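Here's a quick tour for anyone meeting this structure for the first time. Have the model open as you read, and follow along topic by topic.

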Amino acid sequence: MTNLLPVTPSEPVARSNSDLHSLRVERVTKRFKQGEAAVEALRSVSLSIPVGQFVAVMGASGSGKSTLLHVLAGLTWPDEGRVVIDNTDLSQLSDDQLTSFRRRRIGLVFQAFNLIPTLSARENILLPLLVDGQALPAGRLDSLAERLGIAQRLNHRPDALSGGEQQRVAIARALITDPALVLADEPTGSLDSVSGQKLCRLLRELCHEQRRTIVVVTHEPTVAVWAQRVIVMKDGQVLTEFATRDFHDAHSLAAHYQDIVNAEAIEVTP
C-alpha cells in the first residue's frame, strides 16, 4: 500500500529498509484552553521509534502521555511540530486523507475495547476493512484469530466474551489492516492481572514475530517491563528513556522509574 503523502515526494518509500523509523515526533507542542489560560499538555516533545520496536510511554496522570498518543494517532492536531509515521507527515494531510491514513496505517487499541455490541467478533474485526472498502486478503482473518486464540469465538458478540477475549478482538481489529504502527492506550486497565500479563506477552510476541511497531501508554511498571524501551514523561515533556533489558522484573523497573521522578522533583525544588 502506498503512502498518501511522503515526507520527501521525490524520494521513493522503501519500507523494507530496517533503518527506517516507523515513527518520528519532532518538537511537538499541544496547548489546551482552561478558562482564559492556555495549558501546554505537550512541550516540544521529540522522539523516534524504529520499525519493529515495542515502546512503553510512562507517566503519572497529567504527564501528557495520553495527549501524546492522541497526537500520534492523528486524533488531535499539534499546535507546533510534526508527526511522521511510515514516512508520511501527518501535518501535510487533509482531514479526509488523515482519516484514510489512520484507518489503514495506524492500529488503535483502547482500554475500553470500543467494540460494537450488536456485531459479532468477526464483524468487529473486519469493520476497518469494510468501512474502507478493502477486500480481506485470503487467510488473514483466520491466521490472525488463531494467533490471538479467538478462532472459536468469532461468531460471538462482545457480551458473550470475557474481558481478555474482547481485548484480543480489539487487537485483531487493530491489526487486520496490516498497520505500520499499533498504539495502545492503557490496554490492560480493564483486565484482571492474569489477563493483563497475557496481553502484554502477546504484544511482545507480535512485535518480535511480525516486526510490529507498538507504542503502549501506561502508568503500570508491570506493563512497561514487557517493552524494549521506556520513555518517561512529566509535565508534558520527555524526562528520559531507558532500555528494559537492564531490569529483571517489574519491581526493579518501578524502583528505577520512581528514582527518575524523585530526582526530577528534587531538581526543580527551590
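Let's start with a pair of helices: the axes of α5 (residues 163–175) and α6 (residues 193–210) come within 11 Å of each other and cross at roughly 20°. That angle makes α5 roughly parallel to α6, where "roughly parallel" covers angles under 35 degrees, over 145 is roughly antiparallel, 65 to 115 is roughly perpendicular and the rest is oblique. Keep in mind that this is a predicted model, in which local features need pLDDT of at least 70 and side-chain atom pairs count only at pLDDT 80 or more, while totals for chains, interfaces and linings use all residues. Residues are numbered from 1 along each chain as its sequence is written, and side-chain values use heavy atoms, with hydrogens and water left out.

**How to read the labels**

- Helices (H or I, at least four residues) and strands (E, at least two) are DSSP runs, numbered from the N terminus.
- Axes are lines fitted to C-alpha atoms, for helices over the stretch in contact, and angles run from 0 to 180 degrees between N-to-C directions.

**Helix α5 and its two partners**

- On the α5 side, Q167, R168, I171 and L175 meet K198, L199, L202, L203 and L206 of α6, with contact meaning heavy atoms within 4.5 Å.
- Sorted by class, this α5 and α6 contact has 6 nonpolar, 1 polar and 2 charged residues. Here Ala, Val, Leu, Ile, Met, Phe, Trp, Tyr, Cys and Pro count as nonpolar, Asp, Glu, Lys and Arg as charged, and the others, Gly among them, as polar.
- Helix α3 (residues 121–132) also packs with α5: their axes come within 7 Å and cross at roughly 30°.
- α3 and α5 are therefore roughly parallel to each other, and α3 passes α5 in a right-handed crossing.
- From α3, the contact uses A121, N124, I125 and P128, while α5 brings V169, A172 and R173. By class, the contact of α3 with α5 has 5 nonpolar, 1 polar and 1 charged residues.

**The sheet**

- Six strands form an open sheet: this sheet of 6 strands runs in the order β6-β7-β8-β3-β9-β10, with mixed pairing. Two strands pair if DSSP finds at least two bridges between them.
- β6 (106–110) and β10 stand at the edges with a single partner strand each, so one side of each has no neighbour in the sheet.
- On average, and ignoring direction, neighbouring strands of this sheet are turned by 20° against each other.
- Helix α1 (residues 65–72) packs on the sheet, where α1 touches β3, β6, β7 (181–185), β8 (213–218) and β9, and its direction makes about 150° with that of β7.
- α6 packs on the sheet too, touching β3 and β8, with its direction at about 135° to that of β3.

**A closer look at strand β9**

- How many residues of strand β9 are buried? It's 5 of the 6 in β9 (residues 229–234), so the strand is largely enclosed by the rest of the structure. Buried means under 20% relative accessible area, exposed over 50%, and partly exposed in between (1.4 Å probe, protein chains only).
- β9 runs parallel to β3 (residues 54–58), joined by 4 bridges, and V55 has R229 in β9 as its bridge partner.
- With β10 (residues 237–243), β9 pairs in the antiparallel sense over 6 bridges. I231 is partnered with E241 in β10, and M233 with V238.
- The β9 and β10 hairpin has 2 residues between the strands, and D235 there takes a positive phi near 55°.

- D86 sits in the loop between β4 (80–85) and β5 (88–89). D86 has a positive phi of about 55° although it is not a glycine, and is buried at 8% relative accessible area.
- E186 lies in the loop between β7 and α6. Its phi is positive, about 45°, although E186 is not a glycine, and E186 counts as buried at 11% relative accessibility.
- V225 is in the loop between α7 (221–224) and β9, buried with a relative accessible area of 19%.
- Leaving out residues up to four places away in sequence, V225 touches T244, D249, A250 and L253. The C-alpha atoms of V225 and S252 are separated by 9.4 Å, with the two residues 27 apart along the chain.

Note on methods:
A crossing is left-handed if the near helix is turned anticlockwise from the far one by less than a right angle, and right-handed if clockwise.
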